[in-house]
Amino acid sequence: MNFMMKKKMLITGATSGIGTYLAHHFAQLGFTLYLHGRDQKKLDALAKGLGSADFTLLRCDLADTKSISIMFEELSLKTNVIDVLISNAFGKMENELVKIDGDALTEFFRISVVGTADVIRQAIPFLKHSKDARIINIVADWGFPMHNVMTGPSAYISAKYAVHGLGAALQTEIAKLGIKTTNLCPGIVAADIEYGTSDADFINSKGNSAIHPKDLAKAVEFILGQEFSYVRSLVLTPSNPEYNGL
Ligand SMILES: NC(=O)c1ccc[n+]([C@@H]2O[C@H](COP(=O)([O-])OP(=O)(O)OC[C@H]3O[C@@H](n4cnc5c(N)ncnc54)[C@H](OP(=O)(O)O)[C@@H]3O)[C@@H](O)[C@H]2O)c1
């Protein structure tokens with residue numbers, strides 16, 4: 001994996017779930033990491049877990065565009081180049097539309113759609129300085145526009161459709177800047193599996209009903225590792241043959 005060593009990677013939402021797992025995985029591979037979260041205590045816990053890895057913590061609330069700008073100002077004091085942005089942070093919205101009030105809906109879209117777009121927008125000047133710049137946009141199979149009928153929370157799915165559209169359009173809009181954007185669309189991920197959990201423990205607790213985050217990390221490696229091709233979109237589902245997240 002020498003071609004990937006020493007890359008500079010910014011992961012948003014690194015204080016929980018998939019983001020934390022990816023932080024550990026790419027720290028092990030020798031990446032220089034810029035790890036975002038919104039909660040200082042969670043960032044401190046992440047730092048403790050990563051020990052002597054090469055990382056910088058960044059804090060901002062994606063609901064607040066000013067806070068995003070301040071985070072990028074802080075980043076600019078550390079580096080002027082980012083090779084890989086993993087756009088992973090997202091709001092939570094599991095309720096049906098009729099059970100959500102308008103303010104909660106606005107906040108959710110502000111974090112998940114506006115926040116995601118603004119982070120990408122402000123990361124572009126850093127990505128432009130990379131020789132092989134990548135944005136990996138963590139969408140969801142629920143955000144992969146394939147079926148006319150979807151089963152799942154409509155606000156979450158529509159926000160995922162929005163960020164899928166964002167990633168797909170950026171594939172041409174910022175191609176001239178040398179930045180490749182991939183929509184990575186996983187089904188259910190065992191996001192609570194800690195880095196280092198044995199395969200046997202994973203199978204015992206999850207069976208084949210969820211994706212091991214290790215496989216998601218390997219999917220990111222695959223995307224980054226393509227030398228003569230461009231992975232624009234990648235859908236990954238649990239191995240259960242009955243899984244029908246789409
Ligand atoms: N888990 C799955 O089955 C699954 C499947 C498909 C796609 N995905 C996608 O994968 C990504 C990660 O999922 P996950 O399950 O790991 O989610 P998670 O555990 O809820 O982590 C989300 C991350 O985003 C951060 N975040 C949320 N709101 C924020 C805000 N206002 N400002 C700044 N940061 C904020 C969280 O910070 P805190 O730690 O402070 O909450 C956390 O670090 C998401 O985009 C999700 O939609 C997940």
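Trainee: I'm new to this structure, so let me start with a contact: which residues in α1 meet Pro213, Leu216, Ala217 and Val220 in α7?

Mentor: The α1 side of that contact is Ile18, Tyr21, Leu22 and His25. Two residues are in contact if their C-beta atoms, placed from the backbone, lie within 7 Å. By class, this contact has seven nonpolar residues, one polar residue and no charged ones. Here Ala, Val, Leu, Ile, Met, Phe, Trp, Tyr, Cys and Pro count as nonpolar, Asp, Glu, Lys and Arg as charged, and the others, Gly among them, as polar. Before we go on, note that this is a predicted model, in which local features need pLDDT of at least 70, side-chain atom pairs count only at pLDDT 80 or more, and totals for chains, interfaces and linings use all residues. Residue numbers start from 1 along each chain as its sequence is written.

Trainee: How do I read the packing of two helices? For instance, at what angle do the axes of α1 and α7 cross?

Mentor: Two packed helices are described by the angle between their axes and the distance between the axes. Axes are lines fitted to C-alpha atoms, for helices over the stretch in contact, and angles run from 0 to 180 degrees between N-to-C directions. In this model, the axes of α1 and α7 (residues 213-225) cross at roughly 60° and come within 10 Å. The two helices are therefore oblique to each other; angles under 35 degrees count as roughly parallel, over 145 as roughly antiparallel, 65 to 115 as roughly perpendicular and the rest as oblique.

Trainee: Is the crossing of α1 and α7 left-handed or right-handed?

Mentor: Right-handed. A crossing is left-handed if the near helix is turned anticlockwise from the far one by less than a right angle, and right-handed if clockwise.

Trainee: Let me try another pair. At what angle do α3 and α4 pack?

Mentor: Helix α3 (residues 65-78) packs on helix α4 (residues 102-127) at about 25°, and their axes are 10 Å apart. These helices are therefore roughly parallel to each other, and their crossing is right-handed. From α3, the residues Thr65, Ile68, Ser69, Phe72 and Leu75 meet Gly115, Asp118, Val119, Gln122 and Phe126 of α4. That contact divides into five nonpolar, four polar and one charged.

Trainee: And how far apart are the axes of α4 and α5?

Mentor: The axes of α4 and α5 are 10 Å apart, with a packing angle of about 20°. That makes α4 roughly parallel to α5. From α4 come Leu105, Phe108, Phe109, Ser112, Val113, Thr116 and Ala117, while α5 supplies Ala155, Ala159, Ala162, Val163 and Leu166. By class there are ten nonpolar residues, two polar ones and none charged.

Trainee: Now single residues. Is Thr182 buried or exposed?

Mentor: Thr182 counts as buried because it has 25 C-beta neighbours inside 10 Å. A residue is buried if 20 or more other C-beta atoms lie within 10 Å of its own, exposed if 12 or fewer, and partly exposed in between. Thr182 sits in strand β6 (residues 179-186). Leaving aside neighbours within four places in sequence, its contacts include Arg134, Ile136, Ile223 and Val231.

Trainee: What about Asp141, and where does it lie?

Mentor: Asp141 belongs to the loop between β5 (133-138) and α5 (154-173), and it is buried, with 21 other C-beta atoms within 10 Å. Asp141 and Gly245 are 104 residues apart in sequence, yet 6.5 Å apart in space, C-alpha to C-alpha.

Trainee: Which residues are partly exposed?

Mentor: Tyr161 in helix α5 is one of them, with 18 C-beta neighbours inside 10 Å. Beyond neighbours within four places in sequence, Tyr161 is in contact with Gly143 and Pro145. Gly178, in the loop between α5 and β6, is also partly exposed, with 13 other C-beta atoms within 10 Å.

Trainee: Finally, the ligand: which residues come nearest?

Mentor: Gly13, Ser16, Gly17, Ala89 and Phe90 come nearest, out of 25 residues around the ligand. A residue is near a molecule if its C-beta atom, placed from the backbone, lies within 6 Å of it. Helix α1 (residues 17-28) gives the largest share of this shell, three residues. The shell divides into twelve nonpolar, eight polar and five charged.

Conventions. Helix = DSSP H or I, 4+ residues; strand = E, 2+ residues; numbered from the N terminus.
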